[in-house]
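The stops below are meant to be taken in order, one selection at a time.

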Amino acid sequence: MSDTTKDRRRTSYSGLVESAIRSATKLASSHDSTTRTLANQVVSDLVLLRRELPARRQYDTKTRKA
């Protein structure tokens, strides 16, 4: 049962990372150069984080089969 809970947490975490990337991407199109620079740095860090996370579909599939 604890494995299912961990899988759900990872799926939710992946969703939060995706949401943060979308929000930071919107900020990256700002007219203010400082905001744009910081947002681009945040997006690159979040993309690196997303690469380290397992794919959401992998966990959704495992949860359904279990």
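Start by selecting residues 33–52, helix H2. Helices here are DSSP runs of H or I with at least four residues, numbered from the N terminus. At 1.5 Å a residue, the 20 residues of H2 should span 28 Å, and the end C-alpha atoms are 29 Å apart, which agrees. The expected span is 1.5 Å times one less than the number of residues.

Before going further, note that this is a predicted model, in which local features need pLDDT of at least 70 and side-chain atom pairs count only at pLDDT 80 or more, while totals for chains, interfaces and linings use all residues. Residues are numbered from 1 along each chain as its sequence is written, and side-chain values use heavy atoms, with hydrogens and water left out.

Next, colour by pLDDT, the predictor's confidence in each residue, from 0 to 100. The protein chain averages 79, and 65% of the residues score at least 70. Confidence is highest in H2, at a mean of 93, and lowest in H3, at 57. Where pLDDT is low, the predicted coordinates should not be read in detail.

Return to H2 and select Ala39, Val43, Leu46 and Val47, its buried residues (buried is under 20% relative accessible area, exposed over 50%, partly exposed in between, with a 1.4 Å probe and protein chains only). Looking down the axis of H2, these buried residues fall within an arc of 105 degrees, so they line one face of the helix; the arc is taken from the directions from the helix axis to the C-beta atoms. On the face turned away from the buried side, pick the exposed residues Asp45 and Glu52.

Now show Val17, Ile21, Ala24, Val43, Leu46, Val47 and Leu53, the largest nonpolar core. Such a core is a set of buried Ala, Val, Leu, Ile, Met, Phe, Trp, Tyr and Cys residues joined through side-chain atoms within 4.5 Å. Helix H1 (2–27) and H2 are the elements that give two or more residues to this core.

Which residues does Leu53 touch, not counting those up to four places away in sequence? They are Tyr13, Ser14 and Val17, with contact meaning heavy atoms within 4.5 Å.

Last, select Arg50 and Glu18, which form a salt bridge with the closest N and O atoms 3.3 Å apart (the rule asks for a side-chain nitrogen of Lys or Arg within 4 Å of a carboxyl oxygen of Asp or Glu). Arg50 lies in H2 and Glu18 in H1, so the pair ties together parts that are 32 residues apart in sequence.
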